[in-house]
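Here is a short briefing on helix packing. The structure comes first, then the notes.

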There are 2 protein chains.
Amino acid sequence: MKIGQLAQQTGTPVDTIRYYEREGLLPRAARTEGNYRIYDAVHLERLAFIRRCRSLDMTQDEIRVLLRFRDTPSESCEDVNALLDAHIGHVAERIRELQQLETQLQVLRACCEEGRQAAECGILNELSHGGAELTTPAASESHLAATHAGGRQHVPPRQGGGA
Amino acid sequence: MKIGQLAQQTGTPVDTIRYYEREGLLPRAARTEGNYRIYDAVHLERLAFIRRCRSLDMTQDEIRVLLRFRDTPSESCEDVNALLDAHIGHVAERIRELQQLETQLQVLRACCEEGRQAAECGILNELSHGGAELTTPAASESHLAATHAGGRQHVPPRQGGGA
DNA sequence: GCTTGACTCTGGAGTTACTACAGGGTTTCC
DNA sequence: GGAAACCCTGTAGTAACTCCAGAGTCAAGC
């Protein structure tokens with residue numbers, strides 16, 4: 001099959017498939033005479049595997065490790081367990097961080113009542129003089145991301161997205 | 001004061017201060033004869049404000065809005081409230097997503113017992129054939145980030161940060 | 001006066017995981 | 001045989017920095 005069909009069958013944008021090939025997650029595809037990539041069931045399975053890992057928010061590096069174990073099935077899978085445990089740890093930690101953040105934001109939000117002028121806005125004042133509840137920057141140490149970011153998975157620019 | 005002192009007093013890396021100036025969050029600093037930036041208390045306050053916002057995981061765009069309100073204190077602060085409410089909403093949504101993710105990962109983790117060979121590793125098998133519990137990619141729609149990422153705030157490689 | 005070292009400057013590249021082109025070539029269908 | 005749909009490569013952009021090279025500035029010590 002061609003790249004478009006593979007894209008459709010796995011729900012992956014065509015650009016992303018080519019990107020995975022560049023990054024070495026997918027092997028270089030064979031080509032037709034007209035230089036089109038051709039794929040078979042093996043590629044499809046591998047791509048589906050990668051996409052499932054990505055849907056679990058694993059990094060490319062983590063996926064690379066898992067793929068290596070998939071490719072050499074005789075080795076012990078201890079490292080797979082360890083990787084997953086670490087990943088779960090990161091997610092749990094990020095959840096804790098975000099919950100703290102949510103509390104802080106709600107405290108901050110409570111500072112301002114509706115309809116004031118910005119000069120007396122409790123939120124701006126609080127952010128200006130720095131309440132005790134607000135942590136200093138540099139909270140996260142792990143490989144966890146900030147709350148926002150540009151690369152939110154592979155969702156296209158418009159579709160009911162951002163703030 | 002010079003940039004190094006400002007950096008120290010606000011806990012902000014020097015590079016980041018220059019970056020904020022480039023981005024227009026901080027005004028261009030005056031210069032000494034030797035072309036060194038010089039700052040005063042106004043700069044310090046503004047930078048502290050920015051850093052407090054960043055510690056609350058606000059984007060530069062969000063901070064820009066808040067700064068604009070700070071600079072024009074006669075306007076109503078309704079938009080500040082709205083911005084913060086939206087931000088809280090995003091954080092809450094991301095928490096929910098991550099909690100789902102955590103559950104999925106724990107289910108996956110339970111598939112494999114210790115010390116098997118990769119060929120019979122429950123995790124790899126689950127990721128290969130694709131269990132029903134695993135969502136497809138493209139879960140997040142908002143401006144919230146993935147669980148991992150390179151730019152984790154501004155924490156320098158090693159220093160035992162501020163967490 | 002000269003050197004050493006700490007500090008600062010600019011500009012550019014790297015980070016993640018894509019996404020979005022531009023400017024072409026190929027296939028397919030009517 | 002011509003248009004539409006598909007595919008190709010390569011490059012640049014995203015967020016919020018971080019890191020580096022190569023050079024200039026400044027204060028202190030000898």
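Helix 1 of chain B crosses helix 3 of chain B in a right-handed sense. The model is predicted. A second topic is helix 4 of chain A, whose buried residues are covered in part by helix 6 of chain B.

**Helix 1 and helix 3 of chain B**
- Helix 1 covers residues 3–10 and helix 3 covers residues 41–55 of chain B.
- Their axes lie 10 Å apart, at an angle of about 45 degrees.
- Helix 1 contributes Leu6(B), Gln9(B) and Thr10(B) to the contact.
- Helix 3 contributes Leu44(B), Leu47(B) and Arg51(B).
- By class, this contact holds three nonpolar, two polar and one charged residues.

**Helix 4 of chain A: length and burial**
- Helix 4 has 12 residues, 60–71, and should span 16 Å at 1.5 Å a residue; its end C-alpha atoms are 16 Å apart, which agrees.
- Buried here are Gln60(A), Glu62(A), Ile63(A), Leu66(A), Leu67(A) and Phe69(A).
- The cover includes helix 2 (14–23), helix 3 (41–55) and helix 5 (78–109) of chain A, plus helix 6 (122–129) of chain B.

**Helix 4 of chain A against helix 6 of chain B**
- The axes are 11 Å apart and the packing angle is about 100 degrees.
- The pair is therefore roughly perpendicular.

Notes:
Residues are numbered from 1 along each chain as its sequence is written. Chains are lettered from A and ligands numbered from 1 in the order in which they are written. This is a predicted model: local features need pLDDT of at least 70, side-chain atom pairs count only at pLDDT 80 or more; totals for chains, interfaces and linings use all residues. Side-chain values use heavy atoms; hydrogens and water are left out. Helices (H or I, at least four residues) and strands (E, at least two) are DSSP runs, numbered from the N terminus. The expected span of a helix is 1.5 Å times one less than its number of residues. Buried means under 20% relative accessible area, exposed over 50%, partly exposed in between (1.4 Å probe, protein chains only). Contact means heavy atoms within 4.5 Å. Axes are lines fitted to C-alpha atoms, for helices over the stretch in contact, and angles run from 0 to 180 degrees between N-to-C directions. Angles under 35 degrees count as roughly parallel, over 145 as roughly antiparallel, 65 to 115 as roughly perpendicular and the rest as oblique. A crossing is left-handed if the near helix is turned anticlockwise from the far one by less than a right angle, and right-handed if clockwise. Ala, Val, Leu, Ile, Met, Phe, Trp, Tyr, Cys and Pro count as nonpolar, Asp, Glu, Lys and Arg as charged, and the others, Gly among them, as polar.
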